[in-house]
Amino acid sequence: MEKINLENIVVEPFSISHIEDVTSIHSQVPDGWSMKGLIGDLANEATESYVATYEGRSVAFCSFIATEDAELVFICTHPLCRRQGIAEKLLHNAIIALPKTVNSIVLEVRSKNDAAINLYKKMGFEVEVEN
């Protein structure tokens, strides 16, 4: 995929209209969710999920369990669209869109996932426990 201009990325709530693109993205990432899992995500009232779209196609996805302390449970970017700032824009906009009742956000990340760790640090997340 060509270089993406971040100004052309639109972040919006995940809906059934995104299901095919997002299922395709998940099929290309470790531990990606199935279409059935993504449909379950849509049905869960405690879930807040968002997509980043480019020219009408979903290129990244994130999902939170949004209670008082929201948990980022998944974030992924299409492999051909990585390292262009899309995940950062998606995460930034998704955090702003979370319900105002959310007091904090927690997440877990594999210690060898340097790209994700760097993104979270850049976004202001702090390491509380290292295993």
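How many helices and strands does the protein have? I counted 4 helices and 5 strands in its secondary structure. Helices (H or I, at least four residues) and strands (E, at least two) are DSSP runs, numbered from the N terminus.

I noted that this is a predicted model, where local features need pLDDT of at least 70, side-chain atom pairs count only at pLDDT 80 or more, and totals for chains, interfaces and linings use all residues. Residues are numbered from 1 along each chain as its sequence is written, and side-chain values use heavy atoms, with hydrogens and water left out.

I read the order along the sequence next. The pattern is β-α-α-β-β-β-α-β-α.

Then I looked up the overall dimensions. The C-alpha trace spans about 35 × 30 × 25 Å along its principal axes. For 131 residues, a compact globule would have a radius of gyration near 14 Å, and the protein agrees with 14 Å. That radius is taken over C-alpha atoms, and the globule rule is 2.2 Å times the number of residues to the power 0.38.

I turned to burial. Buried residues (under 20% relative accessible area, 1.4 Å probe, protein chains only) make up 37% of the 131 residues.

Which residues of helix 1 are buried? I found I19, D21, V22, T23, I25 and H26. Helix 1 covers residues 19–26 and is mostly covered, with 6 of its 8 residues buried. I traced what these buried residues pack against: helix 2 (35–43), strand 2 (47–54), strand 3 (57–65) and strand 4 (69–77).

Last, I checked contacts (heavy atoms within 4.5 Å). Of those with a separation of 6 or more, 62% come from residues 24 or more positions apart.

Terms used: Buried means under 20% relative accessible area, exposed over 50%, partly exposed in between (1.4 Å probe, protein chains only).
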